[in-house]
Amino acid sequence: MALPQRKTDIGPPNFEQFLPPVIKKNYGKWKYHEVLTPGTMVHVAESGDKLWTVRVASPRLIATDTIREHCDIAEKYCDGHLRYTTRNNVEFLVSDESKLEPLKKDLTARGFKMGGIGYGISNIVHTQGWVHCHSAATDASGLVKSMMDELYEYFESKRLPNKLRLAVACCVNMCGAVHCSDIAIVAVHTKIPTIAHANFKNMCELPTVIGSCPTRAISPDTAQKSVKINPEKCMFCGNCFTVCPPMSIKDPERDGIAIVVGGKVSTLRTNPKFSKLVIPYISNEPPRWPKVVAAVKHIVEVYAANARKHERVGEWIERVGWERFFSLTGIDFTFHSIDDFTFMRDTLRTSPAFKW
Amino acid sequence: MKKYNTPLIDDLEKGPWPSFVTEMKKAAKNNEMANDALGHLEKCYSTKVGYWKHGGIVGVLGYGGGVIGRYSELGEEFPGVAHFHTVRLNQPSGFFYTSKALKEICDIWDKYGSGLTNMHGSTGDVVLLGCRTESLEAVFAEYSSRGWDLGSSGSALRTPSCCVGPARCEWANYDTLGLNYALTQEFQDEMHRPSFSYKFKFKLSGCACDCVASLARSDMSIIGTWKGNIVIDQAEVKNYAKNGMDINAEIVNMCPTQCISYDGKEMKIDNAECNRCMHCIAKMTKALKPSGEKGATICIGSKAPIVVGSLLSWVIVPFIKLEPPYTELKDLIRKIWDWWDENAKPRERIGEVIEMKGMRSFLEYIGVPPMPQQIKEPRKDPFMFYTEDDIASFKTKEAEEKKTGKYKF
């Protein structure tokens with residue numbers, strides 16, 4: 001069968017055609033919203049119109065049949081309207097209140113999980129991992145599944161002092177930009193790349209490779225028409241591998257997981273913050289990563305027990321002090337948490353005022 | 001179809017959270033590629049390494065991006081993933097869909113690809129995972145003839161994305177969806193034909209809650225703000241108190257500028273001292289509302305840590321009005337890209353180039369004056385550049401002072 005005529009540079013469809021009528025009518029004229037349950041909220045417009053949102057969990061990696069099921073549900077209760085969120089949940093948009101409870105009942109019957117709104121844990125932003133990425137040091141989807149199973153009550157019902165945003169990056173490229181999350185998991189490499197010298201000259205550009213190294217650990221190896229790495233300078237970022245495939249950095253027994261905490265992106269109360277390193281290494285243990293999951297759950301529980309209402313993880317830690325964070329959590333403080341790279345000047349303590 | 005034994009990833013079908021493995025199995029029922037992707041993933045779990053090769057140069061005619069080449073090292077063992085390219089489909093602003101449109105996307109994808117998707121990728125696109133090279137032109141013809149275009153990849157303007165904005169949020173200070181659509185349409189060439197030093201991302205948030213994390217992960221963060229007063233509905237304040245809110249502890253004492261007071265009856269805000277952080281508004285949305293001029297703050301330069309450390313975006317334009325056709329913003333964007341193009345080395349993000357060349361050089365080129373809103377604090381060291389013009393203008397000012405007898409600092 002002949003293919004239809006292709007068109008270039010048309011851009012995405014105009015979003016207006018996908019908006020439910022209640023949104024078109026009240027666009028930019030919403031008055032307030034209320035969180036009714038961790039899975040539902042209602043937005044009220046200046047006109048008095050109401051829009052109910054039911055938020056449903058998604059593993060992000062979904063089959064077309066699941067999208068079709070989302071569509072069927074939307075057709076039944078939402079005149080075919082639905083949206084996805086930046087954290088990859090699905091949202092059903094209900095403009096007829098009488099359809100709200102039947103929708104929720106149907107979702108429960110089909111096994112969909114509602115939650116993620118307000119002061120709890122929403123879906124975990126994550127990268128591709130072994131499912132689809134060449135530089136993954138671990139699997140992101142598996143880590144997310146393992147953590148959300150354990151933290152599920154915070155998605156569905158249990159509340160925290162504020163929302164808690166989790167993220168997973170399967171290597172330090174952090175293509176999901178996880179570096180401003182309340183708690184983030186980052187997969188790390190810990191050994192210098194092994195170089196397939198025979199392939200270097202065909203696959204890599206010498207100046208690009210040398211220039212890719214932030215610590216200037218790479219120099220030419222003229223005898224082999226390749227490069228060599230100074231092991232004392234390499235800090236395993238893998239940027240050379242990104243520009244030169246023969247410099248493989250993956251290592252099944254030495255790749256691991258680091259945990260960073262205390263980041264946020266909003267300006268509410270305090271300025272946006274980066275997440276900071278508190279656990280430098282946990283072994284990569286698929287399929288369930290038990291120690292990573294236990295560490296994250298422990299940090300969540302210590303935060304829940306100690307933070308004041310409305311404090312995000314980073315705000316709580318800044319109020320009590322990082323030394324108190326380490327003593328409250330019992331996490332070992334190691335040299336890895338002391339910056340010896342670009343943020344050293346900003347992060348070392350310059351005052352004798354601290355706690356024991 | 002080959003049946004793989006997958007005990008490790010089968011374990012990830014247990015537990016309350018929806019399982020991506022169950023999704024892969026669902027697709028694998030009628031799809032050889034998805035089936036081999038399952039076997040391939042089980043192998044990764046058993047050996048603890050990945051087998052995907054670096055991307056290759058694949059794509060559709062006339063485009064330099066939108067498709068990410070993906071091949072497995074284990075193509076013979078798992079032929080269904082020998083080619084497993086990603087197609088990025090540009091999402092509609094705010095991720096709104098109708099079931100009709102989504103089903104159409106699914107039908108085409110089932111015909112040519114693995115039936116596996118990400119709704120959505122981190123940048124915002126609909127990510128279609130797993131397609132063979134020879135299917136790409138057909139995929140593109142099917143989608144584009146029905147009004148869907150590819151997103152972006154490589155050293156290009158990446159697919160812009162935005163928060164839900166005025167479609168369903170009372171805090172949006174500008175039309176994030178409208179501007180997102182306008183910028184995406186304006187810069188199609190910059191998206192589809194990579195000509196930059198490296199990637200460049202726009203993310204659009206309607207207020208400082210920043211639901212798309214623009215300040216942390218976009219070269220240009222466009223964050224809604226306002227210039228007028230916060231309007232207070234005192235009756236609603238009373239309701240919050242009645243319903244159990246401790247207004248002094250939760251609102252007054254948590255205000256970063258201490259510009260709110262509450263005597264148990266009435267709330268007052270010293271609006272001139274408010275820094276518009278959004279805390280009180282977000283917690284008392286029925287009682288407090290921004291008013292007056294609406295617009296956005298433009299910040300520049302954020303990125304993840306690769307390679308010399310992560311950056312948050314820096315404020316460059318404290319306030320800009322954003323109304324169609326957005327000419328002022330589009331002109332500013334073009335000037336910013338000009339400067340970046342002139343000064344960047346390959347694979348340098350704009351934030352890194354500003355660090356190298358200095359904020360002054362950047363701001364002067366794009367024609368933005370220095371303002372205290374751009375900094376957290378002034379410089380600490382006394383080593384600075386004085387141009388001949390700088391000195392001349394200091395001298396002119398002093399000559400003026402001698403005439404008037406009055407100092408102007």
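Predicted model: local features only at pLDDT ≥ 70, side-chain atom pairs only at ≥ 80, totals over all residues.
**Chain B overall**

Chain B has 409 residues, of which 59% count as buried. Its secondary structure consists of 15 helices and 14 strands. The C-alpha trace of chain B spans about 90 × 65 × 40 Å along its principal axes. Among the contacts in chain B with a separation of 6 or more, 65% are between residues 24 or more positions apart.

**The five-stranded sheet of chain A**

Chain A contains an open sheet of five strands in the order 7-8-9-14-15, and its pairing is mixed. The edges are strand 7 (125–126) and strand 15 (276–283) of chain A; each has a single partner strand, so one side of each is left without a neighbour in the sheet.

Strand 8 (166–169) and strand 9 (183–188) of chain A run parallel and are joined by four bridges. In this pair, A:L166 has A:I183 of strand 9 as its bridge partner. Strand 9 of chain A is also joined to strand 14 of chain A, here antiparallel and through six bridges. A:V188 stands opposite A:G256 of strand 14 of chain A. Strand 14 (residues 256–261) of chain A in turn runs antiparallel to strand 15 of chain A, with five bridges between them, and A:V260 stands opposite A:L277 of strand 15 of chain A.

Strand 9 of chain A is mostly covered, with six of its six residues buried. In a regular strand the side chains alternate between the two faces of the sheet. In strand 9 of chain A, one set that points the same way is A:I183, A:I185 and A:A187, while A:A184, A:V186 and A:V188 point the other way; all are buried. Helix 4 (residues 140–150) of chain A lies across strands 7, 8, 9 and 14 of chain A and runs at about 155° to strand 8 of chain A.

Strand 1 (residues 30–37) of chain A pairs with strand 2 of chain A in the antiparallel sense over six bridges. The two form a hairpin with two residues between them, and A:T37 stands opposite A:T40 of strand 2 of chain A. Strand 2 of chain A also pairs antiparallel with strand 3 (residues 50–56) of chain A, over five bridges. A:H43 has A:L51 of strand 3 of chain A as its bridge partner. The hairpin of strand 2 and strand 3 of chain A has four residues between the strands, and A:G48 takes a positive phi near 95° in it.

Strand 2 (residues 40–45) of chain A is largely enclosed by the rest of the structure, because six of its six residues are buried. On one side these are A:T40, A:V42 and A:V44, and on the other A:M41, A:H43 and A:A45.

**The five-stranded sheet of chain B**

Chain B has an open sheet of five strands with mixed pairing, in the order 6-7-8-13-14. Its edge strands are strand 6 (161–162) and strand 14 (314–320) of chain B, each of which pairs on one side only. Strand 13 (residues 294–300) of chain B pairs antiparallel with strand 14 of chain B over four bridges, and B:I300 stands opposite B:W314 of strand 14 of chain B.

| Strand pair | Sense | Bridges |
|---|---|---|
| Strands 8 and 9 of chain A | parallel | four |
| Strands 9 and 14 of chain A | antiparallel | six |
| Strands 14 and 15 of chain A | antiparallel | five |
| Strands 13 and 14 of chain B | antiparallel | four |

**A helix packing in chain B**

Helix 6 (residues 176–186) and helix 12 (residues 327–343) of chain B pack at an angle of about 50°, and their axes are 12 Å apart. That angle makes helix 6 of chain B oblique to helix 12 of chain B. The crossing of helix 6 of chain B past helix 12 of chain B is right-handed. Helix 6 of chain B contributes B:L179, B:L183 and B:E186 to the contact, and helix 12 of chain B contributes B:L329, B:K330, B:I333 and B:R334. Four of the contact residues are nonpolar, none is polar and three are charged.

**Two buried residues of chain B**

B:W52 sits in the loop between helix 3 (32–47) and strand 1 (67–68) of chain B. Its relative accessible area is 2%, so B:W52 is buried. B:W52 touches residues of both chains, including A:W130, A:H132, A:H134, B:H40, B:R70 and B:F84.

B:E142 lies in helix 5 (residues 136–145) of chain B. B:E142 counts as buried because its relative accessibility is 5%, which falls under the 20% cut-off. B:E142 touches A:L3 and A:P4 of chain A, and B:I108, B:K111 and B:Y112 of chain B, not counting residues up to four places away in sequence.

Methods: Residues numbered from 1 in each chain as written. Chains lettered and ligands numbered in written order. Heavy atoms only, no water. Axes fitted to C-alpha atoms, helices over the stretch in contact; angles between N-to-C directions. Parallel < 35°, antiparallel > 145°, perpendicular 65-115°, else oblique. Left-handed = near helix turned anticlockwise from the far one by under 90°. Contact = heavy atoms within 4.5 Å. Nonpolar A, V, L, I, M, F, W, Y, C, P; charged D, E, K, R; others polar. Pairing = 2+ DSSP bridges. Buried < 20%, exposed > 50% of the residue type's maximum accessible area, 1.4 Å probe, protein only.
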